[in-house]
Amino acid sequence: MYPLRRNRRLRTTETLRNLVRETTLSPNDFLVPLFVVEGKGVKEEIASMPNYYRYSLDLLAKEVKELWSLGLKSVLLFVKVPENLKDNSGTEALNAEGLMQRAIKTVKDAVPDMLVMTDVALDPYSIFGHDGIVSEGKILNDDSSAILAEMALSHAKAGADFVAPSDMMDGRIFEMRTLLEDEGFHDTGIMSYSAKYASAFYGPFRDALDSAPVDKKDVPKNKSSYQMDYANREEAIKETLMDIEEGADIVMVKPGLCYLDIVRDIRNTVNVPVAVYQVSGEYAMIKAAAEKGWLDHDAVVLEQITAIKRAGAQIIASYFAKDVVKLLS
Ligand code: PBG
């Protein structure tokens with residue numbers, strides 16, 4: 001007696017495995033997060049994100065040219081705002097000559113076809129490190145949304161192709177879409193961080209931008225009153241469907257690895273592109289284990305990112321984008 005079906009037959013050679021592989025990665029899958037600082041000639045490594053840097057505008061231009069030459073054609077911009085420009089309502093975020101607005105122009109001047117997405121949230125601009133306005137121990141929703149919409153408009157005016165609200169205020173997608181339409185920015189897209197969880201994996205990112213919630217009386221210690229509870233699943237679908245109704249072009253799940261069940265749920269539920277953000281803590285964990293010699297860096301990176309795509313992500317924001325593209329070629 002022999003088995004009638006031998007599944008191992010399809011695994012016999014590398015060529016055959018390549019032929020039947022269900023998920024493959026391409027440079028087109030990636031969105032590259034970039035951190036920008038004031039100054040000239042600045043390329044500073046982020047302590048908790050080895051081999052990842054903040055760039056001043058001159059070196060940002062150089063970096064995006066390199067990304068383009070590697071086939072990486074979409075970037076997601078974040079700025080580290082000088083302390084003296086921070087306040088409670090993100091005034092500096094609306095400055096037409098602010099760091100983000102100049103960064104957008106810098107990228108477009110360096111590589112005109114690069115797709116530029118921008119982070120829209122108050123935390124890098126907030127003296128309290130929150131994504132919205134703080135008042136009497138709470139984060140104001142509607143007042144924050146109004147400012148976020150103005151911020152999105154300011155990015156669109158500076159040349160952003162997409163705005164990416166990462167704040168999780170209610171109704172902000174509607175607010176943004178309406179303002180962008182009113183002002184004639186019909187083609188400026190919105191990638192909503194629609195299912196963003198209150199996660200401990202954002203730690204290194206908050207180091208990178210110096211944007212962690214401050215420890216002060218009447219300032220919430222964490223972001224749990226707006227980001228989602230990681231115990232919840234149905235809620236992610238509700239959030240995502242509402243953002244699509246309000247006008248989101250692309251939706252996102254964040255973080256990545258711990259949330260692949262959510263990614264699959266959403267992929268099976270919606271018909272807009274789904275993005276996943278493999279966040280700073282996920283990056284740091286791999287770097288740390290690899291540094292100790294406990295994990296094979298490249299193998300683990302490819303496995304995790306392939307898993308994110310297999311789960312249903314069409315777009316992957318990852319600090320490993322350059323590594324992956326180099327590994328693929
Ligand atoms: C804040 C924002 C965060 C990230 C992207 N936008 C952190 C937070 O919510 O505190 C995290 C990205 C990462 O960890 O890589 N609006």
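Start by selecting E234 and E245, the exposed residues carried by the face of helix 7 that is turned away from its buried side. Helices (H or I, at least four residues) and strands (E, at least two) are DSSP runs, numbered from the N terminus.

Before going further, note that this is a predicted model, in which local features need pLDDT of at least 70 and side-chain atom pairs count only at pLDDT 80 or more, while totals for chains, interfaces and linings use all residues. Residues are numbered from 1 along each chain as its sequence is written.

**Helix 7 and its partners**

Now select the whole of helix 7, residues 234-246, whose 13 residues reach 19 Å from the first C-alpha to the last, close to the expected 18 Å; that expectation is 1.5 Å times one less than the number of residues. Colour A236, E239, T240 and D243, the buried residues of this helix. They cover an arc of only 95 degrees around the axis, which puts them on the same side of helix 7; the arc is that of the directions from the helix axis to the C-beta atoms. Just after helix 7, G247 has a positive phi of about 120 degrees.

Staying with helix 5, select R172, I173, E175, M176, R177 and L180, which are buried, and see that the buried residues of this helix pack against helix 4, strand 8 (162-165), strand 9 and helix 7. Just after helix 5 comes G184, with a positive phi of about 90 degrees.

**The nonpolar core**

Next, pick L34, V36, V75, L77, A103, A152 and A275, which touch the most other members of the largest nonpolar core, a set of 91 residues. Such a core consists of buried Ala, Val, Leu, Ile, Met, Phe, Trp, Tyr and Cys residues joined through C-beta atoms within 7 Å. Helix 4 (residues 142-158) gives the most to this core, with 7 residues. Centre on L34 and, leaving out residues up to four places away in sequence, its contacts are Y55, L60, E63, V75, L76, L77 and F78.

**The ligand shell**

Move to the ligand and select the residues surrounding it, among them D119, D123, D131, R206 and K223; each has its C-beta atom, placed from the backbone, within 6 Å of the ligand. The shell divides into 4 nonpolar, 2 polar and 6 charged residues, where Ala, Val, Leu, Ile, Met, Phe, Trp, Tyr, Cys and Pro count as nonpolar, Asp, Glu, Lys and Arg as charged, and the others, Gly among them, as polar.

**Loops and backbone details**

Select L94 in the loop between strand 4 (74-79) and helix 3 (99-110); because 15 other C-beta atoms lie within 10 Å, L94 is partly exposed. The C-alpha atoms of L94 and M151 are separated by 5.4 Å, although these residues are 57 residues apart along the chain.

Finish at P255, in the loop between strand 10 and helix 8, where a cis peptide bond joins K254 and P255 with omega about -10 degrees.

Notes. A residue is buried if 20 or more other C-beta atoms lie within 10 Å of its own, exposed if 12 or fewer, and partly exposed in between; C-beta atoms are placed from the backbone. Two residues are in contact if their C-beta atoms, placed from the backbone, lie within 7 Å.
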